[in-house]
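Please take a moment to look at the chain shown here before reading on. The paragraphs below lead from the overall fold to single residues.

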Amino acid sequence: MNNNGSMNYAIKHLIIGVLMGFAITAIVFLGYAMLITYTQMSERSLHMVVAVTTLLSVLVAGFDAARAAPYKGWLWGMGAGFLYIAILAIIMMVMLPGFGVDGRTLLVLVLAILGGGLGGILGINVKR
């Protein structure tokens with residue numbers, strides 16, 4: 001496969017990885033919502049569930065993006081983490097009119113990019 005073909009393949013897997021990350025997020029959040037609704041479980045663990053789910057999702061997104069990358073898996077993984085959080089931020093802005101960028105949001109952005117980069121490091125080393 002030529003360089004352009006491998007680049008297109010990698011971009012396709014970057015998008016697939018981000019979609020897989022959102023699928024994981026949706027499944028975990030739906031399961032958590034059902035637990036809170038139908039059991040006596042409180043919402044006290046919400047922030048932890050969101051943090052762990054976000055980290056897992058960007059790790060998977062970065063891993064899948066880098067697995068198909070021709071080089072620099074960490075960079076492809078970071079791109080997947082950034083794309084995941086950018087899409088999530090857009091969704092939040094649309095759904096929550098009061099949503100704004102603050103220190104916590106920037107921290108989540110940095111952690112998502114780093115988590116995606118870690119997934120990318122793992123993914124580039126597990127080639128198909």
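What follows describes the helices, the core between them and a few selected residues.

This is a predicted model, in which local features need pLDDT of at least 70 and side-chain atom pairs count only at pLDDT 80 or more, while totals for chains, interfaces and linings use all residues. Residues are numbered from 1 along each chain as its sequence is written, and side-chain values use heavy atoms, with hydrogens and water left out.

The protein has four helices and zero strands, so that its elements, read from the N terminus, follow the order α-α-α-α; helices here are DSSP runs of H or I with at least four residues, strands are runs of E with at least two, and both are numbered from the N terminus. The C-alpha trace spans about 55 × 30 × 20 Å along its principal axes. Of the 128 residues, 29% count as buried, where buried means under 20% relative accessible area, exposed means over 50%, and partly exposed lies in between (1.4 Å probe, protein chains only). The protein exposes about 8,000 Å², of which carbon and sulfur atoms supply 75%; these areas come from the Shrake-Rupley method with a 1.4 Å probe, and for residues only the protein chains shown count as cover. Among contacts (heavy atoms within 4.5 Å) between residues at least 6 apart in sequence, 78% join residues at least 24 apart.

The helices can be compared with the span expected of them, which is 1.5 Å times one less than the number of residues. Helix α2 (residues 46-67) has 22 residues and should therefore span 32 Å, and its end C-alpha atoms, 31 Å apart, agree with that. Helix α3 has 23 residues and reaches 33 Å from its first C-alpha to its last, close to the 33 Å expected. Helix α4, with 22 residues, reaches 31 Å, close to the expected 32 Å.

The interior comes next. In soluble globular proteins, nonpolar side chains tend to be buried together. A nonpolar core is here a set of buried Ala, Val, Leu, Ile, Met, Phe, Trp, Tyr and Cys residues joined through side-chain atoms within 4.5 Å. The largest one in this model has 13 residues, and those with the most contacts inside it are Leu 14, Val 18, Trp 76, Ala 80 and Tyr 84. Helices α1, α2 and α3 each supply at least two residues of this core. Leaving aside residues up to four places away in sequence, Leu 14 touches Ala 65, Trp 76, Gly 79, Ala 80 and Leu 83.

The structure also holds one aromatic pair. It is formed by Phe 22 and Tyr 84, which are stacked at 4.4 Å centre to centre with 25° between the planes. The pair links distant parts of the chain, with Phe 22 in helix α1 (residues 3-38) and Tyr 84 in helix α3 (residues 73-95), 62 residues apart. Rings of Phe, Tyr and Trp (its six-membered ring) pair if their centres lie within 6.5 Å, and planes under 30 degrees apart count as stacked, over 60 as edge-to-face and the rest as tilted. Both Phe 22 and Tyr 84 are buried.

Which residues of α4 are buried? They are Ala 112, Ile 113, Gly 115, Gly 116, Gly 117, Gly 119, Gly 120 and Gly 123, and the buried residues of this helix pack against α2 and α3. Gly 119 counts as buried because its relative accessibility is 1%, and, not counting residues up to four places away in sequence, Gly 119 touches Leu 59, Gly 62 and Phe 63.

A few other residues complete the picture. Asp 64 lies in helix α2 and counts as buried because its relative accessibility is 3%. A polar contact of 2.6 Å joins the side chains of Asp 64 and Arg 67; such a contact is a pair of N or O atoms within 3.5 Å, and within protein one must be able to donate a hydrogen and the other to accept it, while residues adjacent in sequence count only if both atoms are side-chain atoms. Pro 97, in the loop between α3 and α4, counts as exposed because its relative accessibility is 78%. Lys 72, in the loop between α2 and α3, has a positive phi of about 45° although it is not a glycine. Most residues other than glycine have a negative phi. Lys 72 is partly exposed, with a relative accessible area of 48%.
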